[in-house]
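Here is a short report on one helix and its aromatic contacts. Start with the structure itself.

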Amino acid sequence: MKKILLLFCLTVLISCKKKLVYNNYDEITHYNITDEDTFKVDTIKRFRDIFGIGDYHKMDINKFEEELVSFGYKKNELNKNKIKQVDSIISNKIYYGSIDLTACTPLYRDVLILKKNNKIVSILKICFGCKMIANYGDEIKNNFNEKDIESDEYFNNFNKFEKTLTSKN
């Protein structure tokens, strides 16, 4: 009887473990802009649409990277190892719905361009200050539980996400 109970508990434990999801991006490009560079272009309406909460209907996904560079965003290519790390984070540890817990109005200093087969499939605008992400393009497969937003884990995930993007490895 003890063996059956132990086997049952072990089965329940294994089945409760969250299975990781991956989107398997071929390429992820990270763009970021410094506060100093934002002051140079913050009067341009199109920049404010990108940097703040803008009108996505006016976004040309094929010209978006050129626009970022023209406004002073710096391009950082991610290597294969970092692509896997970032894919794991954005697929398993980040929530993309509306969040009422923001610490500020989002200022999207960081942008990720996600590609499969050399085609842009999604653009993520990221504000690490208020832990917000705006997704434009294809929906990202994600298994983050909405109920976990109120936990410290969500905010810790964002901090790990930022460190992963900015680390040199």
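## Ground rules

Buried means under 20% relative accessible area, exposed over 50%, and partly exposed in between (1.4 Å probe, protein chains only). By that rule, Phe161 is buried, because its relative accessible area is 0%.

This is a predicted model: local features need pLDDT of at least 70, side-chain atom pairs count only at pLDDT 80 or more, and totals for chains, interfaces and linings use all residues. Residues are numbered from 1 along each chain as its sequence is written, and side-chain values use heavy atoms, without hydrogens and water.

## Helix α6

Helices (H or I, at least four residues) and strands (E, at least two) are DSSP runs, numbered from the N terminus. Buried in α6 are Tyr154, Asn157, Phe158, Phe161, Thr164 and Leu165. They cover an arc of only 125 degrees around the axis, so they lie on the same side of α6. The arc is taken from the directions from the helix axis to the C-beta atoms.

The face turned away from the buried side of α6 carries exposed Asp152, Lys160 and Lys163.

## Aromatic pairs

Rings of Phe, Tyr and Trp (its six-membered ring) pair if their centres lie within 6.5 Å; planes under 30 degrees apart count as stacked, over 60 as edge-to-face and the rest as tilted. The whole structure holds 5 aromatic pairs. One of them is edge-to-face: Phe128 and Phe161, 5.4 Å centre to centre, with 70 degrees between the planes. This pair links distant parts of the chain. Phe128 is in the loop between β4 and β5, 33 residues from Phe161 in helix α6.

Ring pairs also join Phe47, Phe71 and Tyr73 into a cluster.
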